Amino acid sequence: MRFNRMLLSTTLVVVALVIQVSVLARLQLPGAVPDLLLLVVLGLAFVYGHMAGALIGFGAGLLADLAPPADHAAGRYALVLCVIGYLAGLVRPDNGQLKSATGPMVVVVAAAIGSTLLYAGVGALVGDTAARHVGLGSLLLTAAVYDLLLAPFTVPLIMALARRAENDPLSESSSSGGGDVASGWLSSGTGLRIGTQRGGLRVKASRTRAARAGRIKGVKRL
């Protein structure tokens, strides 16, 4: 994963986790808690794809598992967000740009319901029956509603930041085949045109060879 992706993803995940723990979790809303961390993973996966989405989801979930006041087994939410990030990356829009709000909103609702079900299912395997006491139906409904209301204010912004980081002149050039960072930075940051210079050198060399061949044959070339 590129450095700019890692830096942006880490920053967004940490900020979202702090807001979720210190603000959203204290609102005392009925049912589930709005999952800002889930929306961050979805927004990044929509731009970066399924592999990056899985890695970001795992890291974000692991931080949530370890952050106080977490009272569940470590790795439980990491597994949930890893799966969600991978699946969201598979249905990402072309070039990471939204053409319609319908598709992403459907994915947000599906992710909210799927993450709640998966979290409850993993909890049942390890003996955590809290979802059963609260009411799984209420958790599913409120999770979908809260995340759907929060998504229009977060997902487009996260995607815009991710696309801007991808177009950073300091990022690796996707067309260089091996990631020629120096040539990409020079061509965009200092005004030097590496490709043009190389093409000019090749043209000059070919003209020199042609002129030399013409002199051998006795043909004068202008």
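A crossing of two helices is left-handed if the near helix is turned anticlockwise from the far one by less than a right angle, and right-handed if clockwise. The model is predicted: local features need pLDDT of at least 70, side-chain atom pairs count only at pLDDT 80 or more, and totals for chains, interfaces and linings use all residues. Residues are numbered from 1 along each chain as its sequence is written, and side-chain values use heavy atoms, without hydrogens and water.

**Exercise 1.** Describe how H2 passes H4.

Solution.
1. Helices are DSSP runs (H or I, at least four residues), numbered from the N terminus.
2. The axes of H2 (residues 36–48) and H4 come within 8 Å and cross at roughly 35 degrees; axes are lines fitted to C-alpha atoms over the stretch in contact, with angles from 0 to 180 degrees between N-to-C directions.
3. The crossing of H2 and H4 is right-handed.
4. In contact (heavy atoms within 4.5 Å), H2 residues including Leu 37, Val 41 and Phe 46 meet H4 residues including Tyr 77, Leu 81 and Ile 84.

**Exercise 2.** Which rings form an aromatic pair, and at what angle between the planes?

Solution.
1. Rings of Phe, Tyr and Trp (its six-membered ring) pair if their centres lie within 6.5 Å; planes under 30 degrees apart count as stacked, over 60 as edge-to-face and the rest as tilted.
2. The count is 1 aromatic pair.
3. Tyr 77 and Tyr 119 form this edge-to-face pair, 5.9 Å centre to centre with 85 degrees between the planes.
4. Tyr 77 lies in H4 (residues 76–90) and Tyr 119 in H5 (residues 102–125), so the pair ties together parts 42 residues apart in sequence.

Definitions and conventions: Helices (H or I, at least four residues) and strands (E, at least two) are DSSP runs, numbered from the N terminus.
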